[in-house]
Amino acid sequence: MAKFKAICLLMILTLFLSGCWSKRELNELAIVAALGIDKVDNEFEITVQVVDPGEISSKQPSSGRSPVITYHSKGTTVFEAIRKMTTVTARKLYFSHLQIVVLGDELAKEGISEPLDLISRDHEFRNDFDVIVAHDATADEVLNVLTPIEKVPANKMLKSLKTSEKTWGTTQSIKIDELINTLNNKEKSVVMSAIEIHGDKNVGMEQTNVKRSKSPVLLRYTGLAVFKEDKLIGNLTEDESRSLGYLRDRIESTIEILACPKGGTLSTEITHSKTKIKGEFEKGAPKINVSIDASQNVGEVECNIDLTKEKSILNVNKKTEELIKKRIEETIRTVQQNYRVDIFGFGEALHRTNPKEWKKIKKDWLTIFQELPVKVEVHVNTQGLGTMENSLVNKTKGE
């Protein structure tokens with residue numbers, strides 16, 4: 001009897017099931033991998049990079065078509081431009097697999113808050129995509145470059161961003177949520193990874209760009225772009241970008257090249273880095289103390305140095321400390337004098353230290369920041385020498 005009642009209950013419940021009423025078949029959608037936003041003649045120009053599933057499938061041979069198709073549209077708002085794109089696309093644009101958003105150089109200089117409003121608000125956009133800025137190029141030009149190895153250029157841009165961040169330290173990924181939060185934070189300014197087109201932009205759009213052993217056109221990250229409020233004001237060099245990585249505690253691994261005492265060079269790999277920033281008020285005057293602890297391995301030796309001696313290792317440690325410290329101090333001075341915005345988070349450190357004192361200087365922070373005393377201390381420890389204790393170059397010379 002109990003079994004009969006259970007069966008009847010299940011049959012009744014099925015009457016209330018609506019099924020997949022809102023389902024959308026894959027062959028009805030245009031999957032957007034990357035989105036570009038430019039400003040042209042007071043209108044927003046939108047570029048979408050749509051994946052051609054047949055060209056990236058491993059189960060069927062390529063027909064020779066491009067693995068991606070780009071569509072363009074203009075509108076007085078980003079929302080309007082995206083909707084107007086339905087007049088040229090055969091399928092409805094699907095943004096849930098969006099990987100990266102590229103902001104054009106001119107747009108970034110005018111301001112990015114307005115175009116970011118829709119993609120941070122619309123339910124069709126997820127919040128796990130990265131945002132980058134084009135350097136001396138439009139987003140449209142960047143998204144039209146075909147890339148070798150990675151058939152979908154959006155994949156290439158995202159993987160290069162992540163790999164460079166982990167192994168070199170000159171780029172920093174920033175998700176849309178973090179970007180919006182930083183734009184709303186008056187104590188810290190935005191930095192964003194910048195990408196440039198290396199080579200002839202027109203050639204990059206052709207299939208021949210991916211059919212040669214040496215591609216004539218490449219997409220390359222050039223460091224970090226600096227913003228004041230929501231406007232692009234300049235770009236850091238690679239060395240300055242790495243220094244910012246140290247200060248923001250974002251260095252996972254990078255390479256340092258040292259000058260040896262008797263000529264030649266020695267390269268080390270930073271394998272671990274930890275940064276602590278402490279704010280301090282001395283008689284109402286703010287100052288910052290930066291402490292960096294790093295570990296390294298000797299990677300390449302092209303000089304006459306005996307690494308079996310403790311004195312040599314201590315010298316390598318000292319040289320690395322001096323190099324990192326000098327570069328960071330130069331970067332801080334450059335940002336204070338040329339950009340005059342706090343991209344380091346020093347204001348946040350002072351706020352955490354003493355909210356009451358911070359409140360007194362908050363309204364004048366960017367003026368105070370330009371003359372803010374910053375003390376930098378770097379401590380480096382060498383852990384490994386590789387599989388050889390001394391240089392093969394010196395052994396060869398001695399034979």
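1. In this predicted model, the lining of the largest pocket draws at least two residues from each of α8 (176–183), β8 (218–228) and α14 (365–369), with α14 giving the largest share, three residues. Helices (H or I, at least four residues) and strands (E, at least two) are DSSP runs numbered from the N terminus. Residues are numbered from 1 along each chain as its sequence is written. Because the model is predicted, local features need pLDDT of at least 70 and side-chain atom pairs count only at pLDDT 80 or more, while totals for chains, interfaces and linings use all residues, and side-chain values use heavy atoms, without hydrogens and water.

2. The largest pocket holds about 400 Å³ of space, and of its 21 lining residues Asn185, Lys186, Glu187, Glu229 and Leu366 lie nearest the centre. A pocket here is an open set of points on a 1 Å grid over the protein atoms alone, where a 1.4 Å probe fits and protein lies on both sides within 12 Å along at least five of seven lines; lining residues have an atom within 4 Å of a point. By class, this lining comprises 10 charged, six nonpolar and five polar residues.

3. The second largest pocket, with about 280 Å³ of space, is lined by 18 residues, and those nearest its centre are Lys188, Arg248, Phe344, Gly345 and Glu348. At least two lining residues come from each of α8, β11 (265–282) and α12 (346–353), and β11 supplies the largest share, three residues. Eight charged, six nonpolar and four polar residues make up the lining of this second largest pocket.

4. The largest nonpolar core has 37 residues, and Leu35 and Met192 have the most contacts inside it. Such a core is a set of buried Ala, Val, Leu, Ile, Met, Phe, Trp, Tyr and Cys residues joined through side-chain atoms within 4.5 Å, where buried means under 20% relative accessible area (1.4 Å probe, protein chains only).

5. One disulfide (a pair of cysteine sulfur atoms within 2.5 Å) is found in a search of the whole structure; the sulfur atoms of Cys260 and Cys303 are 2.0 Å apart. Cys260 lies in the loop between β10 (254–259) and β11, and Cys303 in the loop between β12 (285–302) and α11 (310–339), so the pair ties together parts that are 43 residues apart in sequence. The disulfide is left-handed because the torsion about its S-S bond is about -55°. Cys260 counts as buried at 10% relative accessibility, and Cys303 is buried at 3%.

Conventions:
Grid points are joined across faces, edges and corners, and a volume is the space filled by probe spheres set on the points. Ala, Val, Leu, Ile, Met, Phe, Trp, Tyr, Cys and Pro count as nonpolar, Asp, Glu, Lys and Arg as charged, and the others, Gly among them, as polar. Buried means under 20% relative accessible area, exposed over 50%, partly exposed in between (1.4 Å probe, protein chains only).
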